[in-house]
Amino acid sequence: MQVTPGTTHGRFAENVMHFARALRAAGVPVGSDRVLGALQALDIAGVQRREDFYWTLAAVFLSRREQFDVFDQAFRVFWDSSDAVASAAVAAKASAASEDTQSPGNRVAEALGLSVTSPGEREQPEEPRIAAAASDAEQLRRRDFASMSLDELAQAKTLVAKLRLPIPEIRVRRLSPDPHGLKVDLRATLRASLRDYADIIPLRTRAHRWQPPPLVILCDISGSMSRYSRMLLHFLHAITNDRDRVQTFVFGTRLTNISRHLKHRDVDIALDAVAQAVADWSGGTRIGAALKSFNLRWSRRVLAQNAAVLLITDGLDREGARDLAAQMERLRKSCGRLVWLNPLLRYREFQPLAAGVRAMLPHVDAFLPAHDIESLAALVDVLSKTRANSRYRRETAWT
């Protein structure tokens, strides 16, 4: 689909109006004022690409982050149709129907004239369906987050909440009492001799403590990462509530610490608090500025004891990778391990052509995909390796 300036009248304007009616029927409050605003925005912007058309409508029609999933699915179904006018006519009829307590996915399907299966019409599960269900679950683990429907996203969130990220313990410099330790604790030995008045004074010993290193997560929430950051936040919530000493930051045009918000046990309450705390959702990306802010304000506080850092971003910096290489080098020297998760690695033909990717790649210990549940589960194998074997960059033709 290609839209040029001056085409927001006539048939095209009618399609936008019917699309707004479909959104309203699916539960997104879109009034006539927003339809007029969308037509004016499209007429002024001179949209040439589908992506620009998508974000222009989203900016005008949506007022809450929770409405984005409904808009995304409705847009793909409505505007991918070969005959948008026919779809619009069906959507107009569906918009007059009464709205019941359906799931968002069913409301979108009904609004767009698709077949909807009500709970009472579902067939009883049969024994042969067990293998099919297992196959569907396996396919769901390997399906790209960006291509999932609303129902699949809900199932994926349940699976992501069960993921665990064990990190092997490391020896720290602090000592603790240990009867098998090799270091004599003179203070504890003298204190024991005064307390027991013994003729023979047993030696008290200490040993170095073992504990998991801190985990620091830096997640990109810019517009190019929006379809992945929402699912990844569920993953980060599960990690935060599974282990101690986890610090989570998100960044688009600025850096925000959301560690305190993610500690709430209820994922919906936690993510709602995150949505209110973060002001730069789905905006531009300033990776270099965000890393500089982290290095100056937070690195000394959270990167102690060989902390592991997960950097989740596609590496597309709107500032052209200015100062990005220097900030990545400083971050790498401050932590014990730096793992970069990039959703763009879902493409086998991926090449580090962007300036941001080229600036960041030499400073990471691991370069891994993060576009489906299978790739997130693979982090367990990566982070479970010892520090001596931590230099395991992605083996490709361009490393």
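In this predicted model, strand β5, which covers residues 246-251, is joined to β6 by 3 bridges, and the two strands run antiparallel.

Strand β4, residues 215-220, deserves a separate look. Because 6 of its 6 residues are buried, β4 is largely enclosed by the rest of the structure. The burial applies to both faces of β4, with Leu215, Ile217 and Cys219 on one side and Val216, Leu218 and Asp220 on the other. Cys219, with a relative accessibility of 0%, counts as buried because the cut-off for that class is under 20%. Another cysteine, Cys335, is likewise buried, at a relative accessible area of 7%. As for sulfur pairing, a search of the whole structure finds 0 disulfides.

Arg245 is found in the loop between α10 (226-240) and β5, and its phi is near 55°, a positive value in a residue other than glycine. With a relative accessibility of 34%, Arg245 counts as partly exposed. Further back, helix α10 contains His237, which is buried, with a relative accessible area of 7%. Leaving aside residues up to four places away in sequence, His237 touches Leu262, His264, Arg265, Asp266, Val267 and Ala270.

A positive phi is also found at Asp323, where the value is about 65° although the residue is not a glycine. Asp323 is located in the loop between β7 (308-312) and α15, and at 36% relative accessibility it counts as partly exposed.

In general, two packed helices are described by the angle between their axes and the distance between the axes. For helix α13 (residues 287-297) and helix α15 (residues 324-334), the angle is about 35° and the axes are 9 Å apart, while the crossing in which α13 passes α15 is left-handed. On the α13 side, the contact is made by Ile287, Gly288, Leu291, Lys292, Phe294, Asn295 and Leu296, and on the α15 side by Leu324, Gln327, Met328, Arg330 and Leu331. Sorted by class, the residues of this contact between α13 and α15 are 7 nonpolar, 3 polar and 2 charged.

Another helix pair is formed by helix α2 (residues 32-45) and helix α3 (residues 50-61), which pack at an angle of about 145°, with their axes 9 Å apart. Here the crossing, in which α2 passes α3, is right-handed. The residues that make the contact are Arg34, Val35, Gly37, Ala38, Ala41 and Leu42 of α2, together with Phe53, Thr56, Leu57, Val60 and Phe61 of α3. The contact of α2 with α3 divides into 8 nonpolar residues, 2 polar residues and 1 charged residue.

There remains an open sheet of 3 strands, in which the order is β1-β3-β2 and the pairing is antiparallel. At its edges stand β1 (170-177) and β2 (183-184), and each has a single partner strand, so one side of each is left without a neighbour in the sheet. Strand β3, residues 205-211, pairs with β1 in the antiparallel sense over 5 bridges; among the paired residues is Ser176, whose bridge partner in β3 is Ala207.

Technical notes: Residues numbered from 1 in each chain as written. Predicted model: local features only at pLDDT ≥ 70, side-chain atom pairs only at ≥ 80, totals over all residues. Heavy atoms only, no water. Axes fitted to C-alpha atoms, helices over the stretch in contact; angles between N-to-C directions. Helix = DSSP H or I, 4+ residues; strand = E, 2+ residues; numbered from the N terminus. Left-handed = near helix turned anticlockwise from the far one by under 90°. Contact = heavy atoms within 4.5 Å. Nonpolar A, V, L, I, M, F, W, Y, C, P; charged D, E, K, R; others polar. Pairing = 2+ DSSP bridges. Disulfide = S-S within 2.5 Å. Buried < 20%, exposed > 50% of the residue type's maximum accessible area, 1.4 Å probe, protein only.
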